[in-house]
Amino acid sequence: MGVEMQTWIMFLCYMFSFGVELIVNGNIVTYFVETFDMPQTRASTIGAVFGLLNICMRSFGGLWSDIYCERFGIRGRLHALFQQTFIMGVALIVFSTLTNDNCTSGGLLAVLIWWGSFTNMTEGATFGVVPYVLPNSVGKIYIYIYTYIYIYIYYEYLYLTYMYMDQEDHNM
């Protein structure tokens, strides 16, 4: 297909961070309303925290990557990306186990901040690695990554829309 394997790996790294962020930002309020029986205004306020973490946490992920690069070279950037992605995954697993029975609003907010922080930090670390993948084709890599991300997001939107419509049809 003409696209190197490294580009696909970077696409997956970015999809698992930025793609997750976009899907979560679009669905978190509904999740809180349905799962935690929150009023819409409270669910919106708590859900906004996930998106607002972008203000600083993406930069912290890049900074973490830069610090590791200074100490360990490009392998340091890869280790930083791995560590942030791993912690993001653990935080997602913990978040997915929360219910009204085992969590207060404060606990929910704390885990949401933890998960959202590392989701955004992983995006920053991904950007720290991209220039080293194919140094002569950095722009091309970004174009591929963003194209694939938006195709994936559009597919997810259609899938979730039709899945939700099917559930409504069965509930009637």
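Two rings of Phe, Tyr or Trp count as a pair if their centres lie within 6.5 Å. I wrote that down before looking at the aromatic residues of this predicted model.

**Entry: the cluster.** I looked up which aromatic residues group together. Tyr31, Phe32, Phe36, Phe50, Phe95 and Trp115 make up one aromatic cluster. I then noted the count of aromatic pairs under the rule, which is 13.

**Entry: tyrosine 14 and phenylalanine 127.** I picked out one pair. The ring centres of tyrosine 14 and phenylalanine 127 are 5.1 Å apart and the planes stand at 70°, so I logged the pair as edge-to-face; the cut-off for that label is over 60 degrees. Tyrosine 14 belongs to helix α1 and phenylalanine 127 to helix α5 (residues 105–133), so this pair ties together parts that are 113 residues apart in sequence. I also checked accessibility. Tyrosine 14 counts as buried because its relative accessibility is 2%, and buried means under 20%. Phenylalanine 127 has a relative accessible area of 25%, so I put it down as partly exposed.

**Entry: tryptophan 64 and phenylalanine 118.** I looked at another pair. Tryptophan 64 and phenylalanine 118 are also edge-to-face, at 6.1 Å centre to centre with 75° between the planes. Tryptophan 64 sits in helix α3 (residues 57–72) and phenylalanine 118 in helix α5, 54 residues apart, and the pair links these distant parts of the chain. I found both tryptophan 64 and phenylalanine 118 buried.

**Entry: helix α1.** I went back to the helix that holds tyrosine 14. Helix α1 covers residues 5–36 and has a kink of about 50°, centred on asparagine 27. Aspartate 37 follows α1, and I noted its positive phi, near 50°.

Notes. Residues are numbered from 1 along each chain as its sequence is written. This is a predicted model: local features need pLDDT of at least 70, side-chain atom pairs count only at pLDDT 80 or more; totals for chains, interfaces and linings use all residues. Side-chain values use heavy atoms; hydrogens and water are left out. The bend at a residue is the angle between axes fitted to the seven residues ending there and the seven starting there. Helices (H or I, at least four residues) and strands (E, at least two) are DSSP runs, numbered from the N terminus. Rings of Phe, Tyr and Trp (its six-membered ring) pair if their centres lie within 6.5 Å; planes under 30 degrees apart count as stacked, over 60 as edge-to-face and the rest as tilted. Buried means under 20% relative accessible area, exposed over 50%, partly exposed in between (1.4 Å probe, protein chains only).
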